[in-house]
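Here's a quick briefing to read with the model open on your screen. Take a look first, then we'll walk through a hairpin, a helix pair and the overall numbers.

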Amino acid sequence: MYLRRDRAMIAVIIMVDVAFHAGRSSLVSGGDIAERAGLARRGIEPLLQALSRSGLLESVRGPRGGYRLGRPQRDIGLDEIVRVVVSEDSNTEETAQGALFRNVIEPCWQILDETVRSEMAGLTLEEMVRRAEAAGLRRPVHEPISFSI
């Protein structure tokens, strides 16, 4: 599970954004996620789809649709998020060959991957939301719509 900075980090950003702004009860739109992350909506769409297919996100269609967590924050580790997007990449990656790669580089890379995976397994979305709050980020306040006729 070589940690690819681009897709892996963006997937984690998406999941933390949904956890922070919507959780399991509210919805957040893909456009809002992209805007807050400074990314193009079309750029994150494949990741949103992969995360939804895996069950980490739940997608709700329609004009008031969006995304919410598929499971509680405490049950989703960062390693699981990365594994979903990296497994999709592994189908298209070119793999090196040769004795040097097979006998030296690959065994070393596997140890590094396991170390990173282990560290990420210890971090949940719940912990990342706590870190966001500790950093001074504020959750949006959802005020009920009230009107009178």
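In the hairpin of S1 and S2, Gly62 takes a positive phi near 115°, and 5 residues lie between the strands. This is a predicted model, where local features need pLDDT of at least 70 and side-chain atom pairs count only at pLDDT 80 or more, while totals for chains, interfaces and linings use all residues. Residues are numbered from 1 along each chain as its sequence is written, and side-chain values use heavy atoms, with hydrogens and water left out.

**The hairpin**
- Strands S1 (residues 57–60) and S2 (residues 66–69) run antiparallel, joined by 4 bridges; strands pair if DSSP finds at least two bridges between them.
- Ser59 stands opposite Tyr67 in S2.

**Helices H2 and H3**
- The axes (lines fitted to C-alpha atoms over the stretch in contact, with angles from 0 to 180 degrees between N-to-C directions) of H2 (residues 30–37) and H3 (residues 41–54) come within 9 Å and cross at roughly 115°.
- On the H2 side, the contact (heavy atoms within 4.5 Å) uses Gly30, Gly31, Ile33 and Ala34; H3 brings Arg41, Ile44 and Leu48.

**The whole chain**
- You'll find 6 helices and 2 strands, in the order α-α-α-β-β-α-α-α from the N terminus; these are DSSP runs, with helices (H or I) of at least four residues and strands (E) of at least two.
- Of the 149 residues, 33% are buried, meaning under 20% relative accessible area with a 1.4 Å probe, protein chains only.

Note on methods: Buried < 20%, exposed > 50% of the residue type's maximum accessible area, 1.4 Å probe, protein only.
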